[in-house]
Structure formats: structure tokens, C-alpha cells
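Thanks, everyone. Have the sequence and the structure open while I talk. I'll take you through a few places, one by one.

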Amino acid sequence: MGYLRSSFVFFLLSFVTYTYATSFEVRNNCPYTVWAASTPIGGGRRLDQGQTWVIDTPRGTKMARIWGRTNCNFDGAGRGSCQTGDCGGVLQCTGWGKPPNTLAEYALNQFNNLDFWDISLVDEFNIPMTFTPTNPSGGKCHSIQCTANINGECPGQLKVPGGCNNPCTTFGGQQHCCTQGPCGPTDWSRFFKQRCPDAYSYPQDDATSTFTCPSDSTNYRVVFCP
């Protein structure tokens, strides 16, 4: 009887976990290895071309992000470094990555039971990306992308090894970083917005860059080099 009760409780816990988790499928289509990172859920995973990683994320998770790291070298203990997106020299990220890194950001089951999500270039750009709800429902719940050749077209003042820096990182100041009140787009941020109109190009680029889906009706897919 105790065994049956334990099995039943385990089943219920598994059911609850499944029911109240949102799945993120991360896929690498790049012709090179990407070390995917995910915080606060997931950590990190090496993805060779064509490989996927599924992250089950509890609803209510917020301030979350998924990104790709490039040109990494880790030892058997998971310590090393990456040219872009490095998160403190470890494979299993617990903090945010070092720019430049293209970000998929999200907060699940927030206001009005909606998921809020976006692609952000505020931490610059290193890898082309799509971010897609698996059950799009129209309106602001549809696939978004940043697939332009930003690394190849990056202005010389923003260009860094492996990526393209954001003007806040390069120049600093309120005009670019928006840390002391309202701010607007600049010629530098427009470089990113013109090429990736779905993505955040500066910190207060909310109106055209934040997307929502009903929290109980979809999972998501992030693809590097779609």
C-alpha cells in the first residue's frame, strides 16, 4: 500500500510539473558549434549543428533569457571561456552572458496570464536567431526574428571579435544606455532596428519589440542560424 501511495504521489507530482511548465526547444542550425545558455532555468549545453535542447520552465519564471555562446573551450569540469556570450567562465551559466550576445528574453504567466517575450540586441549581436511560439494565435503572438547579416555589416566603431557591439557598451551615456530616464532611438540604434525590426535596439524600444502569448496555450522554439 505504501508503495502504491508513493507511486501515486510521484505520478501527481510529475503531472503537476508537466502541466505547469512551458517548454523551450533550442536548436542550433549554424554550421558551427554553439554553446547554448539559459538562465535562471537550464544552465548551458553544447549544441553541434542540428542538435536541440529542450528546457522545461515553470510558469511564473521571469527575467529569463536564452542565448548562444561562440568559440568556447571548456575542460572536463565545465570551466573555460567563450569569445562571445561568456558567463563567468563556466559551461553551466547561473548569471547573464558577457556581450556581445543576441538574446531571447521572456517572462511567463505575468499580467493578464500572458507570456511576455522578445529578441533583444541591447546586449549586442553575435548569432542570427528566431523566437517562435509553437501555437501562434495572431496579434502579438507570432514568430519573430533577427536574421540580418549584422556581423558582416557592423559599423567599424561597433565591431568586435565574433560580434557587433551595442552603442551603450561602446559609447556609454544616457543617450545610448537610458539609465537616467526617458530616451529615444539614435542613428546607431537605427542601424540595428532597420535590419531587425522585431528586436529591441535600445533599452526603451518597447512598443515595437515586446510580444505576448496566452500563458496556457503555447510552448516556444529558439533557433540559432534559422
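Start at helix α5, residues 187-195, in this predicted model. Four names to find there: Ser189, Phe191, Phe192 and Lys193 are buried. What covers them? The cover includes α2, residues 150-153. It also includes β12, at 163-164, and α3, at 167-171.

Now step into the loop between β12 and α3. Asparagine 166 sits in that loop. Is asparagine 166 buried or exposed? Its relative accessible area is 2%, so asparagine 166 is buried. Look at its side chain. A polar atom there lies 2.9 Å from the backbone nitrogen of cysteine 168. Then look further along the chain. Beyond the neighbours within four places in sequence, asparagine 166 is in contact with Leu121, Val122, Glu124, Leu158, Phe192 and Ser201. Phe192 takes us back to α5, where Phe192 is one of the buried residues.

Next, the strands. Strand β4 runs over residues 52-58. Which residues make up its covered face? Trp53, Ile55 and Thr57 do. The uncovered face has Thr52, Val54, Asp56 and Pro58. β4 pairs with strand β1, residues 21-28. The sense is antiparallel, over seven bridges.

Ile55 leads us to serine 38. Serine 38 belongs to strand β2, residues 34-39. Its relative accessible area is 0%, so serine 38 is buried. What does serine 38 touch, leaving out residues up to four places away in sequence? Gly43, Trp53, Ile55, Arg65, Ile66, Trp67 and Cys93. Two of these, Trp53 and Ile55, belong to the covered face of β4. The side chain of serine 38 also reaches the backbone oxygen of isoleucine 41, at 2.4 Å.

Stay in this stretch for a moment. Threonine 39 and proline 40 are joined by a cis peptide bond, with omega about 5°. Proline 40 is placed in the loop between β2 and β3, and β3 covers 43-47. There is another cis bond to see. From proline 99 to proline 100 the peptide bond is cis, with omega near 5°. Proline 100 is in the loop between β6, at 80-84, and β7.

On to the largest pocket. Its volume is about 340 Å³. How many residues line the largest pocket? The lining has 17 residues. Met63, Arg65, Trp96, Glu105 and Asp118 lie nearest the centre. Which strands contribute? β5 (64-74), β7 (103-107) and β8 (114-120) each supply at least two lining residues. By type, the lining has eleven nonpolar residues, two polar and four charged.

Last, two backbone angles. Asparagine 112 has phi near 60°, which is positive in a residue other than glycine. Asparagine 112 is in the loop between β7 and β8. With a relative accessible area of 56%, over the 50% cut-off, asparagine 112 is exposed. Cysteine 225 also has a positive phi, near 55°, and is a residue other than glycine. Cysteine 225 is in the segment after β14, and β14 spans 220-224. Why does cysteine 225 count as buried? Buried means under 20% relative accessible area. Cysteine 225 is at 15%, so cysteine 225 counts as buried.

Key
Residues are numbered from 1 along each chain as its sequence is written. This is a predicted model: local features need pLDDT of at least 70, side-chain atom pairs count only at pLDDT 80 or more; totals for chains, interfaces and linings use all residues. Side-chain values use heavy atoms; hydrogens and water are left out. Buried means under 20% relative accessible area, exposed over 50%, partly exposed in between (1.4 Å probe, protein chains only). A polar contact is a pair of N or O atoms within 3.5 Å; within protein, one must be able to donate a hydrogen and the other to accept it, and residues adjacent in sequence count only if both atoms are side-chain atoms. Contact means heavy atoms within 4.5 Å. Two strands pair if DSSP finds at least two bridges between them. On a 1 Å grid over the protein atoms alone, a cavity is a set of points where a 1.4 Å probe fits but cannot get out, and a pocket is an open set with protein on both sides within 12 Å along at least five of seven lines; lining residues have an atom within 4 Å of a point. Grid points are joined across faces, edges and corners, and a volume is the space filled by probe spheres set on the points. Ala, Val, Leu, Ile, Met, Phe, Trp, Tyr, Cys and Pro count as nonpolar, Asp, Glu, Lys and Arg as charged, and the others, Gly among them, as polar.
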